[in-house]
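Q: Can you walk me through this one? I'd like to start with the overall layout and then go to single residues.

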Amino acid sequence: MGQSRRMTTTNAHPAEADSERTCAAPHQPRADPLERVLEHVDRCLLEPLSVAALAEVAGLSPFHFSRMFTARNGESVMAYVRRQRMLHAAARLGDNPGAAVDSQRPTLIDLAFDCGFESQEAFTRAFKQVFGVTPGRFQRDPAPHQAKA
């Protein structure tokens, strides 16, 4: 009886047990490698992501993956990741209806670090590039700026 239980445990795919808590890929791979990457980015948005790591998720070389992603999506993979992070940050700053946000607004520095930026200044520059305003101004009056991204 002990051995059959052990076999059941060892045959289980490790990603299945942790897929809801970690960035592990789901057990059943999707046919389209770029769809797998988009799902991975959604799951792991606030984790460190790189072209090489995302190419590995797709099962492609980094060069081929970058070209395929840009051709299909009209922007580089890291520009896509940055834009998704900015949308996440905007949702947290602006009490975006329908977005899963914390009840308490984060400080800008905490949000910058959460989104993978080394400094608040770099975060502010990236945020302004996407939304046309600084995060502080967006936080005070998000409505006019939410449609820009």
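A: One term before the layout: a contact means heavy atoms within 4.5 Å. With that, residues 24 or more positions apart account for 43% of the contacts in the chain with a separation of 6 or more. Keep in mind that the model is predicted.

Q: What does the secondary structure come to, helices and strands?
A: There are 9 helices and 0 strands. Read from the N terminus, the order of elements is α-α-α-α-α-α-α-α-α.

Q: How much of the chain is buried?
A: Of its 149 residues, 31% count as buried. The accessible surface is about 9500 Å², and carbon and sulfur atoms hold 51% of that.

Q: Which residues touch the most other members in the largest nonpolar core?
A: That core has 16 residues, and the ones touching the most other members are Met-86, Phe-117, Phe-123, Phe-127, Phe-131 and Phe-138. At least two residues each come from helix 6 (77-94), helix 7 (108-114) and helix 8 (120-131).

Q: Which helix gives the most to it?
A: Helix 8, with 5 residues.

Q: And what does the second core include?
A: It is separate and has 15 residues, among them Cys-44, Phe-65, Val-77 and Val-81.

Q: On to packing. At what angle do helix 6 and helix 8 pack?
A: About 95°, with the axes 10 Å apart. Helix 6 is therefore roughly perpendicular to helix 8, since angles of 65 to 115 degrees fall in that class.

Q: Which residues meet there?
A: From helix 6, Arg-82, Met-86, Leu-87, Ala-89, Ala-90 and Leu-93. Their partners in helix 8 are Phe-123, Ala-126, Phe-127, Val-130 and Phe-131. Met-86, Phe-123, Phe-127 and Phe-131 were also in the list for the largest core.

Q: How about helix 3 and helix 4, at what angle do they cross?
A: Helix 3 (residues 33-43) and helix 4 (residues 51-58) cross at roughly 125°, and their axes come within 8 Å. That angle makes helix 3 oblique to helix 4. The crossing is right-handed.

Q: Which side chains are involved, by residue?
A: Helix 3 brings Pro-33, Arg-36, Val-37, His-40 and Val-41 to meet Leu-54, Val-57 and Ala-58 of helix 4.

Q: Helix 3 also packs on helix 5, at what angle?
A: About 85°, with the axes 11 Å apart; helix 5 covers residues 62-73. The two helices are therefore roughly perpendicular to each other. Leu-34, Val-37 and Leu-38 of helix 3 make the contact with Phe-65, Met-68, Phe-69 and Arg-72 of helix 5. Val-37 also meets helix 4, and Phe-65 is one of the residues in the second core.

Q: Single residues now. Is Leu-111 buried or exposed?
A: Buried, because its relative accessible area is 0% and the cut-off is under 20%. Leu-111 lies in helix 7. Beyond four places in sequence, it touches Ala-89, Arg-92, Leu-93, Pro-106 and Phe-123. Arg-92 is 19 residues away in sequence, with a C-alpha to C-alpha distance of 8.5 Å.

Q: And Phe-113, where is it?
A: Phe-113 is in helix 7 as well. Its relative accessible area is 47%, so Phe-113 counts as partly exposed. Residues up to four places away aside, it touches Glu-118 and Ser-119.

Q: What does Arg-85 touch?
A: Leaving out residues up to four places away, Leu-45, Glu-47, Pro-48, Leu-49 and Cys-115. Separately, the C-alpha atoms of Arg-85 and Ala-126 are 9.9 Å apart, across 41 residues of chain.

Q: Where is Leu-46?
A: In the loop between helix 3 and helix 4. Leu-46 is partly exposed, at 36% relative accessible area.

Q: What is Leu-46 in contact with?
A: Outside four places in sequence, His-88, Asp-114 and Cys-115. The C-alpha atoms of Leu-46 and Asp-114 are separated by 6.2 Å, with the two residues 68 apart along the chain. Cys-115 is also touched by Arg-85.

Methods. Residues are numbered from 1 along each chain as its sequence is written. This is a predicted model: local features need pLDDT of at least 70, side-chain atom pairs count only at pLDDT 80 or more; totals for chains, interfaces and linings use all residues. Side-chain values use heavy atoms; hydrogens and water are left out. Helices (H or I, at least four residues) and strands (E, at least two) are DSSP runs, numbered from the N terminus. Buried means under 20% relative accessible area, exposed over 50%, partly exposed in between (1.4 Å probe, protein chains only). Accessible areas come from the Shrake-Rupley method with a 1.4 Å probe; for residues, only the protein chains shown count as cover. A nonpolar core is a set of buried Ala, Val, Leu, Ile, Met, Phe, Trp, Tyr and Cys residues joined through side-chain atoms within 4.5 Å. Axes are lines fitted to C-alpha atoms, for helices over the stretch in contact, and angles run from 0 to 180 degrees between N-to-C directions. Angles under 35 degrees count as roughly parallel, over 145 as roughly antiparallel, 65 to 115 as roughly perpendicular and the rest as oblique. A crossing is left-handed if the near helix is turned anticlockwise from the far one by less than a right angle, and right-handed if clockwise.
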